[in-house]
Number of protein chains: 2
Amino acid sequence: MKLEYDLSKLTIEAERDHPNAFRAEVYISDGFYPHFHRNPEIYLVYDGTVTVTINNVEYVLHGGQAMCINSYDIHSYKIDGLARVGFVNIGLNYTNNFNSLYPKRSLPTELLDVDKNKPLFDFIEQIKGTIAENSDRRRLLYYTYVNYILYLIVDTYGTSTTKAQTKHSTRNIVQYIYENAEKNLTLNSIAKEFGYSPGSLSHFFSRYIRIDFRTFLSDIRMQKVWELRDNPDYADRSIADLAILCGFNSVSSYYRACRRYDSNNNHVQEHKTTDD
Amino acid sequence: MKLEYDLSKLTIEAERDHPNAFRAEVYISDGFYPHFHRNPEIYLVYDGTVTVTINNVEYVLHGGQAMCINSYDIHSYKIDGLARVGFVNIGLNYTNNFNSLYPKRSLPTELLDVDKNKPLFDFIEQIKGTIAENSDRRRLLYYTYVNYILYLIVDTYGTSTTKAQTKHSTRNIVQYIYENAEKNLTLNSIAKEFGYSPGSLSHFFSRYIRIDFRTFLSDIRMQKVWELRDNPDYADRSIADLAILCGFNSVSSYYRACRRYDSNNNHVQEHKTTDD
């Protein structure tokens, strides 16, 4: 049950990062290591105290407080002992109503007003255990959930201006690698893209992403293979085809990545432990 | 309180037909005269018996049964005595999730399974009295409501193939007039468009729409003026400008239409009577 808080490992949570994913959980946690995903997340502390780190900025959350975590933000949860927490992983496809109603706005980061958060906390408690697979057909229901969650947040906190990101922000580098993973990316080519020396970028990886670049890239490619595998448009393609399409130079490199991922996957399994 | 069931009058319910409108009501009704709107509607019979006529086809609904009414369908409700009924008027803008999930599909017309309808009837009862104005800012909440209502319907009844409409169907003629109302439409030009003789079209109007063509066209133009009046993009235009833009040949014709509309508007007021 005890999860080792292992800062040297960063996982992209491939299996829950589909654009049609939706997942709401409430459970007893002892923390979670640095990770990121494309889908935005709402993280809620029901009881206890959690230090949330987002792109190396720390926030201390107490019971009744919550945060919105944007796409590609690297975040981790540090807990001294145990805390009762919840999260909602929101498939990007379900955010289109918000995006069209509030163009160029994003969700507020800090949801700290315990009293005003009550309807949000109650609603997540009510739908906890909901897990949508990519092929799940109840998408109108997930649209319902997402719109109601975003309604509760915006009604209390309003929206936030999307901050002009500096070109070298963590989120932008992660997103750039994510969106170009099928290309022949190297530390050198990325350093050039962001105006860094390769040495500085290497430093950036060890400081913010805490995983070596090749493993990071390979995890992202593996996630993309998994997404295409579930996509009906690619039903007639072999895994070997998909591996090449996503940037692996052979199907063996793909299976190597899977084996490494599986051997670390117990972290994700532990994360899923719920309290009921 | 008694509503005269006046088949000679057809009103387009201008004030509730905005694309951002949302309205859910449950009330005691003694019927409603033939009318149409661009927004789709769900009509529910809680107690009693209602004869629903849609484009001249009759359905008899008992307590616990409901129907989906498509855009531009001409529909009326005939009740022998009183019935407890509900309706939901769904602003077209809120149907985009359904439309992208189910391209080329529409809602099923008949929702007749009393047991399976229970969650839908309970939910409408729960949100009855919700009325969104065009300028209402709680649109994420209306997206929530609409997606949940459509989820409950699709989960029970599936979707329906959008029937290939014959070119001269009632809905298509009404829609054509609606979409071209600012042009110089005449019985002759519309007859030509749909391959009718002007005499047949006149017969069509008296049989299906039960209102003379000039009044019908003028009601539609008036509705469009009202929509633009509420649209911030047209805030600097005078009513005279808007009247011309919507197809009236003078501002006086617009005010004439309003006076006639107001003198018949008691029907709409009666319709709004609720039971609580």
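The side chains of A:Arg38 and A:Glu227 form a salt bridge, with N and O 2.6 Å apart. This pair ties together distant parts of the chain. A:Arg38 sits in the loop between β1 (22–35) and β2 (41–47) of chain A. A:Glu227 belongs to helix α7 (residues 213–229) of chain A, and the two residues are 189 residues apart. Both A:Arg38 and A:Glu227 are buried. The model is a predicted one.

That bridge belongs to a wider set. Over all chains, the structure holds 14 salt bridges. Another of them pairs A:Asp122 with A:Lys118, where the closest N and O atoms are 2.9 Å apart. Here the link is local. A:Asp122 and A:Lys118 lie 4 residues apart in helix α2 (residues 118–127) of chain A, so about one helical turn separates them. A:Asp122 has a relative accessible area of 39%, which makes this residue partly exposed.

B:Glu25 and B:Arg23 meet through their side chains in a salt bridge of 3.2 Å, N to O. B:Glu25 is buried, at 6% relative accessible area. B:Arg23 also counts as buried, with 9% relative accessibility. Back in chain A, salt bridges with shared partners join A:Arg84, A:Glu125 and A:Lys128 into one network.

Now take the two chains together.

Chain A brings 17 residues to the contact and chain B brings 18 residues. Between them the chains bury about 1,600 Å², and 70% of this lies on carbon and sulfur atoms. Three residues stand out: A:Leu101, A:Leu140 and A:Tyr151 supply 38% of the area that chain A buries against chain B, more than any other three residues.

Between chain A and chain B there are 0 salt bridges. The count of residue pairs in polar contact between these chains is 3. On the side of chain A that touches chain B, the elements giving two or more residues are α1 (96–101) and α3 (139–157) of chain A. α3(A) gives the most, with 10 residues. By type, the residues of this side of chain A divide into 10 nonpolar, 4 polar and 3 charged.

Conventions:
Residues numbered from 1 in each chain as written. Chains lettered and ligands numbered in written order. Predicted model: local features only at pLDDT ≥ 70, side-chain atom pairs only at ≥ 80, totals over all residues. Heavy atoms only, no water. Salt bridge = Lys/Arg side-chain N within 4 Å of Asp/Glu carboxyl O. Buried < 20%, exposed > 50% of the residue type's maximum accessible area, 1.4 Å probe, protein only. Contact = heavy atoms within 4.5 Å. Buried area = accessible area lost by both parts, 1.4 Å probe. Polar contact = N/O pair within 3.5 Å; in protein donor to acceptor, adjacent residues only side chain to side chain. Nonpolar A, V, L, I, M, F, W, Y, C, P; charged D, E, K, R; others polar.
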